[in-house]
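Dear colleague,

Please find below the structure that I am handing over to you. My notes on what was found in it follow directly after.

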Amino acid sequence: MMNVPLTESIRNVAVVSNAGSGKTSLVEALAYCTGTLSSPGSVLAGNTVSDFEPEEVHHRSSFNTTVLRCCYNGTVLNLLDTPGAPSFVADVRAALRIADGVVMVVNAATGVRSDLQRMWSLVDAAELPCLVFVNGLDKEGTEFEKTVEELIDELGITAVPLTRSVGSGAQMSGVVDLLQNRLVTVRSDRPQAEEEPVPAEQRDQAAEARRRASERVAEQDEALLERYVTDGELTDDVLVQGLRMGVRRRRLVPVLGGSAIHNLGVHSLLRGLIHLLPSPVDRAQAVSLQGVGLTNDPAPIQREPLATAPFSALVFKTLIDPFVGRLSYVRLYSGTLEADSGLYNATKLVRERGGHLFTIFGKKYTPISRAVAGDIVAIGKLKDTLTGDTLCDEHAPIRYPGIPVARPVMSFAIEPKAKVDVEKVSLGLHKLIEEDPSLEFVRHLETKEMVLSGMGQRHIEVALEKLHRKYGAEVTLHAPKIPYRETVRSVAQAQGKYKKQTGGHGQYGDCWLEVGPLPRGQGFEFENKIVGGAIPRNFVPAVEKGVVEALHEGPLAGFPTVDVRVTVYDGSYHVVDSSELAFKIAGSMGVKKALEAAHPILLEPLMTLEVEVPADSVGAVLGDLNARRGRIIMVEAKGHMETVKALVPQAELVNYAPALNSLTGGQGSYVMEQAQYEEVPRELTGRIVEEHRAERHGVVAHH
């Protein structure tokens, strides 16, 4: 049974970076240095603690945030290993939402790329204190100082280097830790570091580097600066104190270097995490923990990060584990949570029966009897609770802001390989969406398709691999159909007359209808202008019913007809033979005739597209959007990136992701959402109509 930690001794640290920078290897190395892990796993060998999903092992890449809880010298470290691929940014956002500090990993070989800049802007927006670890200094041609310069130029941070490499490339043997003024080396067979005085040939450079670090630290605080000017230096304690203050105010970003795979520089980073990054208590002083109550009063409520305060927590991840069942990963903000105690979900307004509590180390869950403010734990088997929900004490309700969910950018129509699997696919996808709210799944009534949307192609592929592994359902992917619409351009009248004479009662319905256009987006209006009882009042709703049904399939290609006003203005009836059915059929016949005469046109959905691209490829991207019939709304510079906003027909964006990748060397990203419908240019209408007609008649048109 683990002891319950003190809130002051907890560090919740998100490890972020672009894909391939070595985050997972670094987290393994940290777990090894703390003694929590007996030997570090390797991403290449597929045996790391944090990449445990089969898909991650197979692709050698993280697709989920995993939590590794490590204990070291009385400090509890909850390390959040986040994915780096842009498709999985939703997990990064959730981790940043509940972390108190960040380690950003920079690969020394590739330097600061635009996806790292994008990651930095997320950290910046979350207002989190940050340390940087320059990884991969064991590779030939890498230089710590050069990477630090790049960080200062590209990200505009006030970097404070705290280590110096000893030896370079494959000859790298250790680091000089400037805070301790010691040389730190490691032996491959043990997790502890070996420390010794700085060797003579390194002393001058180390002293100079420490002097520069002290200067940077002193500059951010008047009292420190005075002390520095008077004494000519800062003592070890004062330097650490000043750094801690600068980091927590987000004025300074300490930079350390090494190699995660060879465990070099990792001990200095571990020390930095513990001494420089804030505990949940420090963080709460910097950023007040504000939520709102459940009444209509919008005034914010404060919660203190104390074990004695009322309990409150935020769910930042949901996992459905085949053995343990459903697990909710929560960050406690206040109070104490006992295992199996009742909880209140303030987001859904329901009571939950709490389940077992666990600490998390990759996929290893250790039962605990209680957890306190500041900690990160998993709760088993909550019924109604989803990611982003607030859990709290029912007698002291509070609701925290949820976790922002990004809008999906890419959709595929999916089709079960076996007809019998339809339910399996549907059920499995709903479970996957509980785990990953950035996936969306809908069944389109119009196009009769199942459509899965996500943050990118890799995102969707991984989801489908999981669907197959966990729920045994296999699907094929193809581009989703575009939901075209039809409308009319002019006004036309027509008669709908239905007359059927059989033995006994016949059927008789007769109506005159006028069809005309409505402004875009207005839908459908039905007007009754019958005077003098040409059609009895009780039959008019039947006419409307027939009209509405007929509008489901337009005259051009059978797409739904929208933005029309239909008026019934005359007609006749038969005292015996008229019925609701007869008038429904008459209404349907009349409106079909009138639509054909009113110049039907095709409408297509336009998307608002926002593309973020490096400045040097903005010309190519604009040219490509023009070729896709896009209308550019604005171009705006943001640092080294430019944001382009445009209105583009959905039909032209089916293969946009791979095209943008090749135009920007993989550095562009985009989001889009539906904006409006507009008329399809005449030269394209004929082709679309023909393809669609052929499809409806069972002939698939080939391009």
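**Enclosed helices**

The buried residues of helix α9 are Val 266, His 267, Ser 268, Leu 269, Leu 270, Gly 272, Leu 273, Ile 274 and Leu 276. Because nine of the 11 residues in α9 (residues 266-276) are buried, the helix is largely enclosed by the rest of the structure. Please bear in mind throughout that this is a predicted model.

Helix α3 (residues 89-98) is likewise mostly covered, with eight of its 10 residues buried. The buried positions in α3 are Val 89, Ala 90, Asp 91, Val 92, Ala 94, Ala 95, Leu 96 and Ile 98.

**Overall description**

The protein has 703 residues, of which 54% count as buried. Its secondary structure comprises 17 helices and 36 strands. Taken along the principal axes, the C-alpha atoms fill a box of roughly 115 × 60 × 50 Å. Among contacts with a sequence separation of 6 or more, 72% are between residues 24 or more positions apart.

**Two helix pairs**

How do α6 and α8 pack, and at what angle? Helix α6 (residues 200-219) and helix α8 (residues 236-248) pack at an angle of about 50°, and their axes are 9 Å apart. That angle makes α6 oblique to α8. The crossing of α6 past α8 is left-handed. On the α6 side, the residues in contact are Arg 210, Ser 214 and Val 217, and they meet Asp 236, Leu 239, Gly 242 and Leu 243 of α8. By class, this contact has three nonpolar, two polar and two charged residues.

The second pair is formed by helix α11 (residues 422-435) and helix α12 (residues 457-471), whose axes come within 10 Å and cross at roughly 115°. Here α11 passes α12 in a right-handed crossing. From α11, the residues Lys 424, Val 425, Gly 428, Leu 429, Lys 431, Leu 432 and Glu 435 take part. They meet Ala 463, Lys 466, Leu 467, Lys 470 and Tyr 471 in α12. The contact of α11 with α12 has six nonpolar, one polar and five charged residues.

As background to such contact lists, an α-helix has 3.6 residues a turn, so residues three or four places apart point the same way.

Gly 472 lies in the loop between α12 and β27 (475-478). Leaving aside residues up to four places away in sequence, Gly 472 touches Asp 421, Lys 424 and Leu 467. Two of these contact partners also belong to the helix pair described above: Lys 424 in α11 and Leu 467 in α12. With a relative accessibility of 37%, Gly 472 counts as partly exposed. The C-alpha atoms of Gly 472 and Leu 77 are separated by 37 Å, and the two residues are 395 residues apart along the chain.

**Cysteines**

How many disulfides does a search of the whole structure find? The search finds zero. For Cys 71, the closest cysteine sulfur is that of Cys 70, at 7.5 Å, which is too far for a bond, because a disulfide requires the two sulfur atoms to be within 2.5 Å. Cys 130 is also in no disulfide, and the nearest cysteine sulfur to it, again that of Cys 70, is 19 Å away.

**Backbone angles to note**

Most residues other than glycine have a negative phi, and most peptide bonds are trans.

- Asp 340 is not a glycine, yet has a positive phi of about 60°. Asp 340 is found in the loop between β16 (336-338) and β17 (342-345). At 47% relative accessibility, Asp 340 counts as partly exposed.
- His 599 has a phi near 55°, a positive value in a residue other than glycine. His 599 is found in the loop between α14 (580-597) and β33 (600-614). With a relative accessible area of 51%, His 599 is exposed, because the cut-off for that class is over 50%.

With kind regards

Technical notes
Residues numbered from 1 in each chain as written. Predicted model: local features only at pLDDT ≥ 70, side-chain atom pairs only at ≥ 80, totals over all residues. Heavy atoms only, no water. Buried < 20%, exposed > 50% of the residue type's maximum accessible area, 1.4 Å probe, protein only. Helix = DSSP H or I, 4+ residues; strand = E, 2+ residues; numbered from the N terminus. Axes fitted to C-alpha atoms, helices over the stretch in contact; angles between N-to-C directions. Parallel < 35°, antiparallel > 145°, perpendicular 65-115°, else oblique. Left-handed = near helix turned anticlockwise from the far one by under 90°. Contact = heavy atoms within 4.5 Å. Nonpolar A, V, L, I, M, F, W, Y, C, P; charged D, E, K, R; others polar.
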